[in-house]
Structure formats: structure tokens, C-alpha cells
There are 2 protein chains.
Amino acid sequence: MKAVLIICDGMADRPVPALGNLTPLEAAEKPTMDLIAREGICGLMYALDPGIPPGSDTAHLALLGYDPYQVYTGRGPFEAAGAGLELRPGDVAFRANYATLDKGGLIIDRRAGRVPPTQRIEDAVRKIKLPVKFLFKNTVGHRAAFVLRGRGLSAAVSDTDPHETGKPVQPCKPLNQTAAARKTAKIVNMFTQKVRKTLANHPENLERASKGIPPANILLLRGAGVVPYLEPIQQKYGISGACVAAAALVKGVCKLAGMEVIEVEGATGNVRTNLKGKIFATIDALQRHDLVLLHIKAFDELSHDRKAQEKKNFIEQVDKHLAELLDKADFLVLAIDHTTPIELGEHSGDAVPVAICGPGVRKDDIQRFDERSCAKGGLGVIRGRDLLPLLLNLMGKLKKFGA
Amino acid sequence: MKAVLIICDGMADRPVPALGNLTPLEAAEKPTMDLIAREGICGLMYALDPGIPPGSDTAHLALLGYDPYQVYTGRGPFEAAGAGLELRPGDVAFRANYATLDKGGLIIDRRAGRVPPTQRIEDAVRKIKLPVKFLFKNTVGHRAAFVLRGRGLSAAVSDTDPHETGKPVQPCKPLNQTAAARKTAKIVNMFTQKVRKTLANHPENLERASKGIPPANILLLRGAGVVPYLEPIQQKYGISGACVAAAALVKGVCKLAGMEVIEVEGATGNVRTNLKGKIFATIDALQRHDLVLLHIKAFDELSHDRKAQEKKNFIEQVDKHLAELLDKADFLVLAIDHTTPIELGEHSGDAVPVAICGPGVRKDDIQRFDERSCAKGGLGVIRGRDLLPLLLNLMGKLKKFGA
């Protein structure tokens, strides 16, 4: 039995005046999604608790059966894992920005002109020596991930990013009285000094300066988090899984859950993403895995940008591509990680529709996949962490609890 | 964004034969409540867990977003707070009854003839010296609140109230082997002795005796509970709140949750309560607060007294007054703390209907506010502790968990 878990990021919405008080899902022509609803069992879902606006990371943890309130330690570890760093539980991961210091040591650009430094700069940083092992990688744009590994480290340390320009890099301070926090802060400060020394006259920065591009001559760290231990889904449920996604946070959650993260060329997370390539990669991954998580991001971006008509259009565009999946897996689950109301431009804690289609489901009478139709479905109201067990139960993958 | 949370105490019911097997809500003409349902999103709610009959105190804790199973320590602390005592977490609160002892020290009236002692008696009790600080206040009728404050106290002590006449005041006993419980029991017994000495020949008691009124010459204590720490809603949710209620337990929960408790003249908690004044106070409080909790009590009393027609009539009467609120707040939430079936005369664990009306809600197709209509609503089935997060989510007051 094979299943595809389709997660449409932020696709759910509230009634939108510009769409005649329909939600984009209610307004869109989406025969494939409606078919999944019609042939399946539908319901409403809160990724976390009712009313609580979920992040992408916490929502995906829940949708993979973990309790985010137990395992979530901040976005840093998931972003670093999503960027491809091979993390271990206990590592301390930071988010990093390349920035520009003036000669007096004040930050004049927190994003180094948003011009990404190359591999040469990354390599130079990697060659720095610290008293503990560390990992470092450029990610997207001016961003990077920095990870400390070793015994006696702690994530209870402050940011070196002052979060505004005109200030020097902040010293990293321990946030509690433990030796681990003090040690970690000391190592971070050592790293900051060495980065500054290493990058000050790096050839690439001299080139950037000659072209009028702000040099990437410092790294600002923030959001320290300990890499949590997630029991791999292979072990937790006896299934193998893969993830087809562009968003680093989603890839990171899947990676730390022990899933294969499949990179698709042209998968950008925006409306021009390579949908065809992602669908193809999903079908291909079904050859090797029980479960493939297909994540489509741009609904959320369109809501953040408050584009109602474009969100509706993108739903229709995605719907066409999803038709390719209809006969490729035993189970199709159509889910959403959270509502992102266009009127709000941010994640909200409203419920989302969900549908499960496949052999043995108690098909209900719901005809359309949208917020208000699915409210009357046979699944009732579930939590995000219930979804994977419900699917695996149908797939015959769960063991009885009790005798 | 402003909201009124209307809580109609015990308004939900089971089908009543005398009403043609309709519930009072189903039988009543209540255009305002139905309008809130029609314009809003409806559902069913269990204040605690499905089937568990809630108390007024535990239900209101849940409706304000607290977990009663975590924070509830008995009704004493909430009653004392509702009576206006300024409590601190860790205080040990008792419920107290004025009672009448005969000359031999046996209780002959557990309620001192139900004639309330005056301020003079209260003042005399307050002047008693104990090894720790204490608070004392007459509340309603023959009732009072007694609170011990200090280090090393415990609520694990027995009642001094024997709960029947013809017996002496019981010695307070420690209920576990801790020094705190022993110390508390000792102080309580000292208090009992001093109360007896102080009130034996108090002028007011001599007057009462001369009029044939049983003297209020002893205090019986029961229901010791530690005042719990409730994170104030201001801090927990970033909102300010007020409460318009007559019932001491409800006022106490709101007070300990950091809300302003507004006293309304003529608010009695029975069918002759000053509904107009309570509505006016609610509208006035909206000027200063994000959330106003309006509690209306008498439905519950009418169920306890098994008065079906009167309960239906009171629903209709309240409905007329609620019309005044329709344009006064962004959100109206119509809720019930628990079912009180007329046939039972007590709180039950049946679900109650709930409706939320305001901008952005996914209006469903429910036309009437009652137990069976709302069961088909877009909210599905929620718990009491989900209600405030669901409302605050719509008000844009909740922070995202995760990134």
C-alpha cells in the first residue's frame, strides 16, 4: 500500500469579500481536489490545538505524528537540516545572515546587499578552527546555517544579531547559569571574531567592494536551538518515506524524521515552481517508499501578499497537476498545514479541510474540498497529529495497542 | 477588536416532556440568539471532557483557557476571590459558615438561623490574633470566607464543620504527615477557639438572642484549598478583560485570571436580576477592555428547581436584552458553561451549543441556537478550553507557535 500526502501550504482561508464572501477554495474550479473529497472521507483539522496559529515547522511535525509541544526547539535546527546539513540530536543550530560591517565595526547592512556570497566565502568560514566541531553552509540568498557539535553545549545563548543597523555585532551571552551556556557563548564569540578576521580582506569581498556590492564581512547569528531527537518514521511506524518540497523548514522536518528529501530542479516554492517536476518526483519516489509527502508552498505566499484572485488561480493550476496522481497511489490524502487568511496576510489558527481517499475509507457525502463543505464530513474534527495514524491505520501499518 | 463572551449558566438542557420533548432553547422564541447563530459559526462544546459534569468554577476556568485539571484546588479560593478578598497564590482559603453553638458546645444550627451577622461581627473576628496573617470577610447570608497567608501552610487539613447538628465543632486535623499540614491544623484550631471566645458574648449575639434569633457564635470551616496561580489573561493572551456577573464563583475565577470584576447594583443571579444594568455595564466595560465576560445565572437555578416553562420564559426575557449588544462589539460569543437538565435538577456532562459571530468567521448554515441545531455547525465539537483561543485567533490576538 502506497500513499501520497499532499500538503498545500496555507491554502485554507476565510471568506473573502473580493470573492463574493467565498474562500479561494470555494471559489476555485478544482475537479481533482473535489474528486478526492467525493471519493474519500472528509473533515476539519487543527494542525496544533484549536485556534492556535501554527508555523510551517510545527504543523509539519504534527502532520508526521510528532507532538510539537514536546519536540520543537525553534526553527534553527529544521532550517539547517533542510539546507542539507547532516545534523545529530544535541547539535546546537543557529540561523546566520551574512552582513556588512563598516571600518568602525558597525553593521551598515544586515543582509550584505542581499547578494549571496559564493562557495569561496563558505569555504573560508569552514576552515576556521574552533574548540569544538562545527558545520557551516550557505543556504538561500544572504542566509546560512551554523551548527556547533560536541559535549556540554547549550542553546540557551543570546543572538549576536542586534536586529538593527548602526550597531556592532552583539556579544553572545549565556541565558542561564550553566557551564554549557557559558561555554557555548564563549565559542560563539570566538567564531564571530574569527569570521571577522577571515572575511575582512577576503578576495571576494575586495571584488564586491570594487563593484559597489556591500562586502559579506561578518555573520550574524540568531535563534539557537538544540536539534531534537525525532524517532524516525521507519522505526515509529515501520514505513519508509520521502519528501518532495522546496521550503527548507519542511525539508528539515522530513529529514529529521528520517525521510528521504528529494531535490527537484526548478522547485522554488513560488507560483512559478516546477509543479510538473514535483509531481513526477512524487510518482518516482512511490517506487521506493510507502509514503511520499508532496508539499506545495505558493498558496501561503499569495495570502501573505493578499492576492485573492491569484490564490484562486494557483489552486486551479495545482489542481490540474494533481490529476496526474489520481491512479498512482493507493491512498491520496489532501491536507493543509494551516489557514492563511488573505485578509490577515499571516497564518491563523482556523481549522483546515482534509480528505483521505483510498480503499476501505468510509466514503461520506461531501462533494467539494473546501473549508465549509468538509466541516460536515465523516472524519469530524481532528488534530494534525491524528492524521498520519488515521492514514496508516487504513494502510494496515499500525499495530494494535493492547491484546 | 472587542468581544463579548456571553455565558448563560446551565441554559442547555435535554428534551423535556412538558415542552413536547423539545429543550427549553428549542421551545423558546429567541430571535437574538438565533441571529448570532445564523450570522456566525456554530458547534457543540464540552466545557471539560465529554460526559463530565462541570462545576461553575471549573467550567469558567476552561472557558478562560485554563486547564481545570491543572489549576483547580477546590471552590474555596474562587469563592473568597469572588467575595472581594485580595488573594495571593499560595494562600489557603476556607469556606466558612456562621453557626450556633449551645452552652454545652454542640451545634444546634449550622446556619445561625440564616440571619446574616453584620459588619460588627466580621470586625470582631478580624481583630483576632493568629501566628500568621489572615483575611476574613462575610459574603452572602450566613456565609463567609477565611484565608490564611504565610509560609509553610497547607490545604491538606480536615473540615471543622461536622456537616450535621448535635455535634461539637470538629478539630481540624492534618491530612498528611507534613509539617505544613500540622501547622495549618494547629492554627485553624486556635482560630476556632478564639472565635468562640470572641463571639460568645458579643453584643450583637446578645441582641440576636433577645429577639429569638440564633446567635452567630461560631464559624465552621470547610473545603480548604490553596489559591492557585493563574497566569493573568493580560500576560497569557495580551488582552485585558472584565467580568459582569453576580455569582461569587464566576467572579472569583475572573478575578484570579486578572480581569476587572464589575459590580452591578441589583445583579442577584436569580430571575429578578438587573439584566438591563448588566447589559449596560457590559457595554460600558467594552470601552476599557478587549473582552467582557457577561454571565447570566438564573437558567441554572430554574433547572435546579425543575421549572421548565419558567426556564423557557427566562430564555425569552434574556434574549430581548441581548439584542442591545448586537452592534456594540466586533465579536459576540454565545456560550453555556454546562447543561443543567430540568429532569435531573443538577449539572450534567452533556454538550452545550456555542456560536461565534464576527468578522472573518466561516459563517455556516445553522439557523437556530439550540442543542440539536448547533450540532451540525461548522465548528464541530470543541472543548471549553478551546473557545478562548478560537475567539482570540479571530481577533488576531494569538501568536504563531513555530515559524
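Begin with the lining of the largest cavity, whose residues divide by class into 10 nonpolar, 3 polar and 4 charged, where Ala, Val, Leu, Ile, Met, Phe, Trp, Tyr, Cys and Pro count as nonpolar, Asp, Glu, Lys and Arg as charged, and the others, Gly among them, as polar. What you have open is a predicted model, in which local features need pLDDT of at least 70 and side-chain atom pairs count only at pLDDT 80 or more, while totals for chains, interfaces and linings use all residues. Residues are numbered from 1 along each chain as its sequence is written, chains are lettered from A and ligands numbered from 1 in the order in which they are written, and side-chain values use heavy atoms, with hydrogens and water left out.

**The cavities**

The largest cavity has a volume of about 190 Å³. To find this cavity, select Tyr46(A), Asp350(A), Ala351(A), Ile41(B) and Leu379(B), which are the closest to its centre among the 17 residues that line it. On a 1 Å grid over the protein atoms alone, a cavity is a set of points where a 1.4 Å probe fits but cannot get out, whereas a pocket is an open set with protein on both sides within 12 Å along at least five of seven lines; lining residues have an atom within 4 Å of a point. Grid points are joined across faces, edges and corners, and a volume is the space filled by probe spheres set on the points.

Now colour strand S2 (41–46) and helix H14 (371–374) of chain A, together with helix H14 (384–394) of chain B, each of which supplies at least two residues of the lining of the largest cavity. The largest share, 3 residues, comes from H14(B). Helices (H or I, at least four residues) and strands (E, at least two) are DSSP runs, numbered from the N terminus.

The second largest cavity holds about 50 Å³ of space. Select Tyr46(B), Ala47(B), Pro54(B), Gly349(B) and Asp350(B), the closest to its centre of the 14 residues that line it.

Asp350(B) is partly exposed at 27% relative accessible area, and Arg14(B) is partly exposed at 35% (buried means under 20% relative accessible area, exposed over 50%, partly exposed in between, with a 1.4 Å probe and protein chains only).

Leaving aside its neighbours within four places in sequence, the residues in contact with Val354(B) include Ile41(B), Met45(B), Leu334(B), Phe369(B) and Leu387(B), contact meaning heavy atoms within 4.5 Å.

**Helix H13 of chain A**

Switch to Lys312(A) and Glu316(A), whose side chains meet in a salt bridge (3.6 Å, N to O). The two are separated by about one helical turn because they are 4 residues apart in helix H13 (residues 308–322) of chain A. Lys312(A) is buried at 16% relative accessible area, and Glu316(A) also counts as buried, at 17%.

**The two pockets**

Finally, select Glu79(A), Val140(A), Arg143(A), Ala247(A) and Ala248(A), which lie nearest the centre of the largest pocket among its 39 lining residues. About 1,100 Å³ of space lies in this pocket, and H10(A) gives the most to its lining, with 4 residues. The lining divides into 13 nonpolar, 11 polar and 15 charged residues.

In chain B, select Glu79(B), Val140(B), Arg143(B), Ala247(B) and Ala248(B), nearest the centre of the second largest pocket, which holds about 760 Å³ of space. This pocket lies between domain 1 (3–72 + 230–394) and domain 2 (80–225) of chain B, because both give residues to its lining; the domain bounds come from an automatic or database domain assignment.

Definitions and conventions: A salt bridge is a side-chain nitrogen of Lys or Arg within 4 Å of a carboxyl oxygen of Asp or Glu.
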